[in-house]
Structures are given as structure tokens and as C-alpha cells.
Amino acid sequence: MSEKKSYQSWTISDEFWERIQEDIPKTERDPKKNYVHAPGQGRKPMPARKALEGIFYVLRTGCQWKALPREYGSGSTVHRTFQKWLAAGFFEKIWAKGLEQYDELEGIGWEWQSLDGCMVKAPLALESVGKNPTDRGKNGTKRSVLVDEKGLPLAVVLSGANTHDVKLLEETLDHIVVLHPESDEEHPQNLYLDAGYTGSAEKVQKHGYTPHIRPRGEEKKELKQNPEFRARRWVVEVTHSFFNRFRKLLVRYEKKAANYLALIHFACAVIVWRKFIHVYR
């Protein structure tokens, strides 16, 4: 009788793997990219898909790399693979690829975009960290996210928790990972922001957007007065909430900002791809 697992397995789907397999960084001894370590390199070869599932398990559950269940292989090997793929820009690449394919199928909602920041605890961080004013001055990190009208992440920027949202506005708008069409009369682009961005209308217009800066209370009043009014800024809050479902992102334990940002990029890829295919099971 087999023992029952004390944890839930997280595996990626065949369809998702087939679509991103060609983007796996190749090694000199493994041009087919089927293994993380090719036979003859002194270590037992690990299938690249198995390594990716190990990274996804860490992202989803928040466990330490060395605490990774043995079915995903050696935690140190998976972490080493994560570092190599990070350096090659793999996670940002599959995020951008997902957006491009979604744009061909459904179309990215450029007309109504929204942007906001979210602070998370970062007790061990050494980069992109600052005193969190909402957490008694403890270390924290802020992620600034731009999303389309359906909540798909288009850009992510990291900074310390004590950085004002306005200071990250232009940097976030400059880091969209796919080709950004220009705004015109036929295809205007609107950007919804909360009251924390008051006074930044010129910066928004400089990037070709029509700014809509209003506090949450005004949207509630408008909904009562005008039944046809549609609140649009809430989608970015939903995206931040979805990020926090990945427990590795809920509390940042990564010392380096690049490691944490790569995990966010992977989460962005999952959010985008799951809009039109099954990503995991």
C-alpha cells in the first residue's frame, strides 16, 4: 500500500510545456534542451520539464529550495537551473510570448489600462528594499504593476516599500514587455490611477495616455449616480491579489532583487497563459 502524500503536487500541463519548450535556454552539451544536465557532466541528468515544475512548486507553495520534495529532483539543482534561466531572461521571455499569442487570439485591452503599487514584507532582502510605513518601519518591497483592461500584467517594476508610487510611474510605463501601440484618436488609451498619483497627469500624458486619477470613494458615488458607469481601476487590485496567491511572492525572502523579479515574471507568464490554455493541474 503506497503512502499518501502530505503535500499537493503542482505540475504543468502538456500544452503549456509544448508552447514554451523551445524557449528553454540550451547548453553546449544539450542543444535539444531536453535535460538540465546532459549525461557525462558528472551529475545525473534532470529533464528540463521536471526542473520547471520544481520552480513552479516553489513559486506556488513558497517552500525553501532545499525543502523541495524529492519527486522534483534535487533542490540545489533546481535552484541552479533557476539562476541560469534567470540570467538568460527565460521567464520574461515566456511572459512576453504569452502576451503576443493572446494579442493574436483575443487582443490585449490597450484602451483601458490601470496601474498601482503593492507592498510586501521583505525581512531578508538586500536590494530594492526600504522601510514599510504601513508595517512599523520593517523592511518591505513595493511592486508597481501595469495591467490591461482584463487584468493581464504588462509591466512590473520593483523598489523599496518607502518609495512613493508617483516615482515608479514612468519607470513602470517604460517597462512594458511587448510592443506597445501608439495612442491616437481612433484608438485612445486611458490610464486609471488612484489618489496616490495626484499631480502626475502630465507624466501620464507624456506617455500618450489620457489620465483618470480619482479616489475609490468617487467611483462608488459615480456608480450610485450613474448606473451605466463602469469602474475600471479595480482590475489591477485583482492582479495583485492573484500575485499573493503565489506564496513565494506574498513574503519576499530573496536577498537579490533579480531573483524575486524573475519569480514575478514567472507568475505573470502563468497569469497570461492561463487565459487561453491550461497551464497547471
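What share of the contacts in the protein with a separation of 6 or more comes from residues 24 or more positions apart? Such residues account for 64% of those contacts, where contact means heavy atoms within 4.5 Å.

Colleagues, a word on the basis of what follows. This is a predicted model, in which local features need pLDDT of at least 70 and side-chain atom pairs count only at pLDDT 80 or more, while totals for chains, interfaces and linings use all residues. Residues are numbered from 1 along each chain as its sequence is written, and side-chain values use heavy atoms, with hydrogens and water left out.

Let me begin with the overall content. The protein has 10 helices and 6 strands; helices (H or I, at least four residues) and strands (E, at least two) are DSSP runs, numbered from the N terminus. Of the 281 residues, 49% are buried. On this scale, buried means under 20% relative accessible area, exposed means over 50%, and partly exposed lies in between, with a 1.4 Å probe and protein chains only.

I turn now to the helix packing, starting with α10. Helix α4, residues 90–105, and helix α10, residues 257–273, have axes that come within 8 Å and cross at roughly 20 degrees. Therefore α4 is roughly parallel to α10. Here, axes are lines fitted to C-alpha atoms, for helices over the stretch in contact, and angles run from 0 to 180 degrees between N-to-C directions. Angles under 35 degrees count as roughly parallel, over 145 as roughly antiparallel, 65 to 115 as roughly perpendicular, and the rest as oblique. The α4 and α10 crossing is left-handed, a term used if the near helix is turned anticlockwise from the far one by less than a right angle; clockwise would be right-handed.

Which residues of α4 and α10 meet? From α4, they are Phe-91, Glu-92, Ile-94, Trp-95, Lys-97, Gly-98, Leu-99 and Gln-101; from α10, they are Ala-262, His-265, Phe-266, Cys-268, Ala-269, Val-272 and Trp-273. By class, the contact of α4 with α10 comprises 10 nonpolar, 3 polar and 2 charged residues. In this scheme Ala, Val, Leu, Ile, Met, Phe, Trp, Tyr, Cys and Pro count as nonpolar, Asp, Glu, Lys and Arg as charged, and the others, Gly among them, as polar.

Helix α10 also meets α2, residues 48–61; the axes of these two helices come within 11 Å and cross at roughly 100 degrees, so α2 and α10 are roughly perpendicular to each other. In this contact, Leu-52, Ile-55, Phe-56 and Leu-59 of α2 meet Leu-263, Phe-266, Ala-267 and Val-270 of α10. The α2 contact with α10 has 8 nonpolar residues, with no polar and no charged ones.

Helix α2 has a further partner in α3, residues 75–87: their axes come within 9 Å and cross at roughly 95 degrees. Ala-48, Ala-51, Leu-52, Gly-54 and Ile-55 of α2 make the contact with Val-78, Thr-81, Phe-82 and Trp-85 of α3. The residues in this contact of α2 with α3 are 7 nonpolar and 2 polar, with no charged.

Next, the loop between β1 and β2, where Glu-127 is found. Glu-127 is partly exposed, at a relative accessible area of 40%. Where does the chain bring Ala-258 in relation to Glu-127? The two are 131 residues apart in sequence, yet 8.8 Å apart in space, C-alpha to C-alpha. Beyond its neighbours within four places in sequence, Glu-127 is in contact with Arg-252, Lys-255, Lys-256, Ala-257 and Ala-258. A polar atom of the Glu-127 side chain lies 3.1 Å from the backbone nitrogen of Ala-257.

Ser-128 lies in the loop between β1 (112–121) and β2 (130–131) and is partly exposed, with a relative accessible area of 28%. Its phi is near 50 degrees, a positive value in a residue other than glycine. Arg-136, in the loop between β2 and β3 (139–147), has phi near 55 degrees, again positive in a residue other than glycine. Arg-136 counts as exposed, at 72% relative accessibility.

Is Asp-194 buried or exposed? At 13% relative accessibility, Asp-194 counts as buried; its place is the loop between β5 (190–193) and α6 (201–206). The Asp-194 side chain reaches the backbone nitrogen of Gly-196 at 3.0 Å. Not counting residues up to four places away in sequence, Asp-194 touches Asp-116, Ile-213, Arg-214 and Arg-233. Tyr-192, in strand β5, is buried at 6% relative accessibility. Tyr-192 and His-212 are 20 residues apart in sequence and 4.8 Å apart in space, C-alpha to C-alpha.

Methods:
A polar contact is a pair of N or O atoms within 3.5 Å; within protein, one must be able to donate a hydrogen and the other to accept it, and residues adjacent in sequence count only if both atoms are side-chain atoms.
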